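Thanks for coming. I will take a few minutes to walk through one structure, so please have a look at it first.

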Amino acid sequence: QRPSRYCMTQLAAAYDRLRTRGVMVAAVDTSEMDSESVSRWSQEQRIPFALGKADADLRQMRQTWGIRSLPWLILTNAEHVVRAEGFTIDDLDVKIRGEKP
C-alpha cells in the first residue's frame, strides 16, 4: 500500500532524530504481502528499525487493535501507555510533544 510505504520511508528518514529524542520505532506489517517480499522491501529501503509481519487473521487483528486505516501510527510513552493513535506522519512531532495539532 503506497501510503504505508511512504510512511515507513519517512520514519526511516527521521529515525536518527527520533532516536536522539528517546523515541523507539517498530512496525508491524498487516498486509496480505508475503514475509519474503516485506523483508526484501525493508532491506531495499534500508529500514533501520524492527519490522515484524503479522501472521494472525489480519481482519480480526485490525478490528482488535482498532485500526481504521493504514498506516495506523500508535505513540506510547515509556510505560507503554498509548498517548496517541491514528494520526499522520506529518503530526508525529506534535504528538511527541503532547500538543494538539
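Let me start with Arg 17, which counts as partly exposed because its relative accessibility is 39%. For that word, the cut-offs are these: buried means under 20% relative accessible area, exposed means over 50%, and partly exposed lies in between, using a 1.4 Å probe and protein chains only.

Before going on, a note on what we are looking at. This is a predicted model, where local features need pLDDT of at least 70 and side-chain atom pairs count only at pLDDT 80 or more, while totals for chains, interfaces and linings use all residues. Residues are numbered from 1 along each chain as its sequence is written, and side-chain values use heavy atoms, with hydrogens and water left out.

Back to Arg 17. Its side chain meets that of Asp 93 in a salt bridge, at 2.8 Å from N to O. The pair links distant parts of the chain, with Arg 17 in helix 1 and Asp 93 in helix 4 (residues 92-97), 76 residues apart. By salt bridge I mean a side-chain nitrogen of Lys or Arg within 4 Å of a carboxyl oxygen of Asp or Glu. Helices (H or I, at least four residues) and strands (E, at least two) are DSSP runs, numbered from the N terminus.

Which other residue forms a salt bridge with Asp 93? That is Arg 21, with the closest N and O atoms 2.9 Å apart. Here too distant parts of the chain are linked: Arg 21 sits in the loop between helix 1 and strand 1 (26-29), 72 residues from Asp 93 in helix 4. Arg 21 is partly exposed at 37%, and Asp 93 is partly exposed at 25%.

The structure holds 4 salt bridges. Another one of them joins Asp 16 and Arg 19, with 3.5 Å between the closest N and O atoms. These two are separated by about one helical turn, because they are 3 residues apart in helix 1 (residues 2-20).

Now the strands. Strand 1 and strand 2 (residues 50-53) pair in the parallel sense over 4 bridges; to count as paired, two strands need at least two bridges found by DSSP. Val 28 has Gly 52 in strand 2 as its bridge partner.

Asp 29 is also worth a look: it is found in strand 1. Is Asp 29 buried or exposed? With a relative accessible area of 14%, Asp 29 is buried.

Next, helix 3 (residues 58-65). Just after helix 3, Gly 66 takes a positive phi of about 75 degrees.
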